[in-house]
Amino acid sequence: MDPFADTLRRLREAFSSGRTRPAEFRAAQLKALRRFLQENKQLLQEALVQDLHKSVFEADLSELILCQNEVDLALRNLPTWMKDEPVTKNLLMQLDSAFIRKEPFGLVLIIAPWNYPVNLTLVPLVGALAAGNCVVLKPSELSKGTEKVLAEVLPQYLDQSCFAVVLGGPQETRQLLEHKFDYIFFTGNPRVGRIVMAAAAKHLTPVTLELGGKNPCYVDDDCDPQTVANRVAWFRYFNSGQTCVAPDYVLCSPDTQERLLPALQSAITRFYGEDPQSSPSLGRIISEKHFQRLRGLLGCGRVAIGGQSDESERYIAPTVLVDVRETEPVMQEEIFGPILPIVNVRSLEEAIEFINRREKPLALYAFSNSNQVTVAWEDITASSPSTPSLTTAPFCSPPWAWRSSMNFTTRPTLISSSR
């Protein structure tokens with residue numbers, strides 16, 4: 001028996017009835033989501049402590065405040081987003097009235113990750129609700145505390161004829177993907193992304209895939225090592241390294257490495273104290289499986305800083321590896337943990353060549369006081385250099401969930417998706 005059939009049928013019937021289309025309904029759902037965030041703030045904070053050992057400050061900064069801001073943004077801009085847009089007419093259309101009308105896709109599936117289980121679940125939901133879609137929300141089964149809150153509490157705030165939370169692991173997700181959706185939004189790793197895209201292709205369903213990648217960090221010889229270390233350490237070890245746009249490895253000369261190592265040790269001590277394991281600011285690894293994978297990576301190269309681990313707490317110390325070879329496992333996969341390898345290069349050209357022969361990174365960080373160096377990165381690599389900060393995270397604004405229709409008073413409607 002299909003456990004999802006009745007739910008999906010109910011949501012499709014609601015969308016077909018036109019219930020989600022009026023601006024008043026969309027605004028009401030967004031305001032209800034805002035109330036959920038406000039009234040259950042402590043509950044969500046406690047869930048994040050349970051799942052990832054996130055401090056209240058970190059939970060607010062990287063999860064709750066961002067969701068609240070996204071809701072406020074959607075409410076402010078909803079009337080503008082819903083307006084028809086006039087378009088330039090060519091010779092054949094001079095007697096027509098031409099404009100772009102934005103319409104909801106229909107039934108949207110959002111598959112969320114575990115590393116920012118509130119933020120990366122609710123921010124896409126804001127876009128889907130603002131665009132007038134019905135939504136199936138699939139939180140990650142690994143972040144069990146947050147999953148429970150989203151499954152038990154969130155439906156009390158939203159219209160359950162147009163919204164549903166479904167639970168389960170990989171088997172249930174595969175079964176869910178056998179159904180036809182009008183749009184799928186997935187955040188996660190490339191391996192699962194391929195599964196999602198293959199399932200969507202069977203129904204020609206449009207997809208947004210927000211995937212991870214190995215993000216290089218180049219440090220030029222002319223940089224102040226402590227400034228670099230403070231910024232890299234903060235973003236690498238934030239959320240215990242479980243961030244898709246965190247610096248994944250450092251490229252620098254041997255001389256710069258020698259100056260950077262004590263600076264990194266100083267930054268780690270400043271942020272997490274002499275005993276990082278007892279620091280309330282350092283998170284934990286999400287699951288036993290991920291802990292064991294990361295502990296295996298500690299055997300790559302040589303541990304220069306950190307390296308300690310505690311299986312009972314799923315704790316891995318902020319770690320820096322040196323003498324790392326390109327062929328080792330830590331350089332073959334996205335680390336997604338508090339481990340930072342340093343790879344030596346002899347020149348800027350060698351660093352660029354090293355990056356360009358690998359898969360395109362999701363983000364690139366370059367530290368230099370030379371404009372020529374930063375211009376070289378912009379011109380040659382697939383990513384643009386930036387300074388590590390939360391503003392580098394790839395948030396998806398609401399219009400991904402809208403469909404644009406080119407309307408003519410005397411011609412058929414032409415449909416094209418827009419993001």
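D248 is buried, at a relative accessible area of 2% (buried means under 20% relative accessible area, exposed over 50%, and partly exposed in between, with a 1.4 Å probe and protein chains only). The model is predicted, so local features need pLDDT of at least 70 and side-chain atom pairs count only at pLDDT 80 or more, while totals for chains, interfaces and linings use all residues. Residues are numbered from 1 along each chain as its sequence is written, and side-chain values use heavy atoms, leaving out hydrogens and water.

**Salt bridge R236–D248**
- D248 pairs with R236 in a salt bridge whose closest N and O atoms are 3.6 Å apart (a salt bridge is a side-chain nitrogen of Lys or Arg within 4 Å of a carboxyl oxygen of Asp or Glu).
- Because R236 belongs to helix α9 (residues 225–237) and D248 to the loop between α9 and β9 (249–252), the pair ties together parts 12 residues apart in sequence (helices, H or I of at least four residues, and strands, E of at least two, are DSSP runs numbered from the N terminus).
- R236 is buried, with a relative accessibility of 1%.

**Other salt bridges**
- The structure holds 21 salt bridges.
- One of them joins the side chains of R293 and E333, at 3.1 Å from N to O.
- R293 sits in helix α11 (residues 288–297) and E333 in the loop between β13 (319–322) and β14 (339–344), so this pair ties together parts that are 40 residues apart in sequence.
- R293 is partly exposed at 26% relative accessible area, and E333 is partly exposed at 29% relative accessibility.
- The side chains of R325 and E328 also meet in a salt bridge, at 4.0 Å from N to O.
- Here R325 is exposed, with a relative accessible area of 54%, whereas E328 is buried at 9%.

**Surroundings of S140**
- S140 is located in the loop between β4 (134–138) and α6 (144–152).
- S140 counts as buried because its relative accessibility is 7%.
- The side chain of S140 reaches the backbone nitrogen of L142 at 3.1 Å.
- Leaving aside residues up to four places away in sequence, S140 touches A112, P113, W114 and E147 (contact means heavy atoms within 4.5 Å).

**Annotated span**
- UniProt, in an unreviewed entry, lists residues 12–372 as "domain: Aldehyde dehydrogenase"; such annotations may be inferred rather than shown by experiment.
- The span of residues 12–372 is 43% helix and 17% strand, and its end C-alpha atoms lie 55 Å apart.

Methods:
A polar contact is a pair of N or O atoms within 3.5 Å; within protein, one must be able to donate a hydrogen and the other to accept it, and residues adjacent in sequence count only if both atoms are side-chain atoms.
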